[in-house]
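This briefing is for a reader meeting the structure for the first time.

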Amino acid sequence: MRNLLLLFITGCFIANLCNAQPAKTEITRWQDDKKGAVSITWDDGSINQFKVALPMLNRYKFPATFFIITGQIPGSQYQGKFIGRPVKEIIKETATIPTNKDNLFERASAASYLGLVGPMDYYYNAGSAVDAGKTDKAIKLIDELYSKVRNGQFKPGVQHNPEYMDAHGTTWGQIRTFAAQGHEFASHMITHPRLAILDEVNMKYEMEKSRLDILAHLGAKYTFSGEGPFGTENERVMQYAYKVYPALRNRMPEPWLKEITRSNSSNPGNTDKEYIQFQRGATTKTPLPMMKAWVDTTVNKNNTWLVLTIHGVEGIGWEALPRQELDDYFSYIKAREQNLWVATFGNVTRYMRERQAAKVQTKQGKGLITVNLSHTLDKGMYNLPLTLKTNVPVTWKTVKATQGKKSQVVKVISADGGAYVLYHAYPNSAPVILTGI
């Protein structure tokens, strides 16, 4: 009888110990503990992105990021212009002083603002050469350009690049409506320039003034992300751009992030980094099965962020994708949404950075668990809720998570003989109180 009593007491002690497992909290790698993340991004803001693709995105409940050319939108304060010496003075100087590394950027910056049709093509090709590290080729092109200008080989007129022209047709009022539907709008500069060949003052004008128009029409939230046109990875450009936009799709040199940019044909492999940014450009030359394979890769790993870059839609814009192909592709992603967090470029960036900078503390008391979550980042820019995973007593079946005036009821998940809950929490806010109900 005494032995039976001892066994009973021991069993009760063990059961209570299991029920009172030490509360521990971790921040899941992706929101809602998904296996991967996908950001659908669009360049240039051509009209069919909004007439054709955006309603599709809304139907699938996919928030997207649109990198827009701000200078062509009616009501923008800042349009394209050359800042510097009178262009006639620059043209005259080219007759006696050849183009070199010291004057290349100034002359290239002025090229699109000579009041002539044709120089922009030279400027774009020279910019492409600089992006490719072929400065000598760029110098030769700019010298040839100004020789033709002096010889009167171009007709007078105003010339815009195709991306700028295709972006016409959308107003700030419409963009505000789209933003209210959950989409992110971000800078693609004022005129879609070749930033790598601009001098400092004109490069900063494109970056900073585009940001100011977005700030004025959309608010500070939308000044977070930016994209230098043509996916430039030029280091000189990046050093200026990092000071204007906290998140750049071009490059994101974080110690915990492996970058696979559009210019890199590699696939995600093994890495000791916490995250992989897997950036892929979808063009008319990309087979749909390959685009679907990018999604499968993201689902099958647990550390990959697929950043899709799309331009034209249904005949308008660079490398325009057909409506039906986009619909098929979005349907494929939707069918895998259980494992994928589909979010804007800015929000995925926020989540990763907040998680890397966050501290979480957990205390367990009678009938409740208290969790404190904080980070040292700029609270104005980094205010996205993180998903927390907290161990709870196995006897709890449902949990109420309360943070300040907000509360959520979540189901307890059993795993490996224990139990836990997943819930959203805002950093640098009130403690989260978990109670079993």
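Helices (H or I, at least four residues) and strands (E, at least two) are DSSP runs, numbered from the N terminus. The model is predicted: local features need pLDDT of at least 70 and side-chain atom pairs count only at pLDDT 80 or more, while totals for chains, interfaces and linings use all residues. Residues are numbered from 1 along each chain as its sequence is written, and side-chain values use heavy atoms, with hydrogens and water left out.

**The whole protein**

- The protein contains 13 helices and 20 strands.
- Its C-alpha trace spans about 115 × 40 × 40 Å along the principal axes.
- Of its 437 residues, 51% count as buried; buried means under 20% relative accessible area, exposed over 50%, and partly exposed in between (1.4 Å probe, protein chains only).
- Contact means heavy atoms within 4.5 Å. Among contacts between residues at least 6 apart in sequence, 72% join residues at least 24 apart.
- The accessible surface of the protein comes to about 20200 Å², and 52% of that belongs to carbon and sulfur atoms. Accessible areas come from the Shrake-Rupley method with a 1.4 Å probe; for residues, only the protein chains shown count as cover.

**Helix H6**

- Helix H6 covers residues 135-150, which makes 16 residues. From its first C-alpha to its last it reaches 23 Å, close to the 22 Å expected at 1.5 Å a residue; the expected span is 1.5 Å times one less than the number of residues.
- The buried residues of H6 are Ala-138, Ile-139, Leu-141, Ile-142, Leu-145, Tyr-146 and Val-149. Seen down the axis of H6, these buried residues fall within an arc of 165°, so they line one face of the helix. The arc is that of the directions from the helix axis to the C-beta atoms.
- Asp-136 and Lys-140 are exposed on the other side of H6.
- The buried residues of H6 pack against helix H3 (87-94), helix H4 (104-111), strand S4 (116-117) and helix H5 (119-131).

**Helix H3**

- Ile-90, Ile-91 and Thr-94 are buried in H3. They cover an arc of only 100° around the axis, which puts them on the same side of H3.
- Lys-88 and Lys-92 are exposed on the other side of H3.
- H4 and H6 are among what covers the buried residues of H3.

- Most residues other than glycine have a negative phi.
- Met-189 is not a glycine, yet has a positive phi of about 75°. Met-189 lies in the loop between strand S6 (184-187) and helix H9 (200-218), and counts as buried because its relative accessibility is 2%.
- Asn-428 is another residue other than glycine with a positive phi, near 60°. The place of Asn-428 is in the loop between strand S19 (418-425) and strand S20 (432-436). At 28% relative accessibility, Asn-428 counts as partly exposed.

**Thr-297**

- Thr-297 is found in helix H11 (residues 288-300).
- With a relative accessibility of 24%, Thr-297 counts as partly exposed.
- Thr-297 and Gly-269 are 28 residues apart in sequence and 9.9 Å apart in space, C-alpha to C-alpha.
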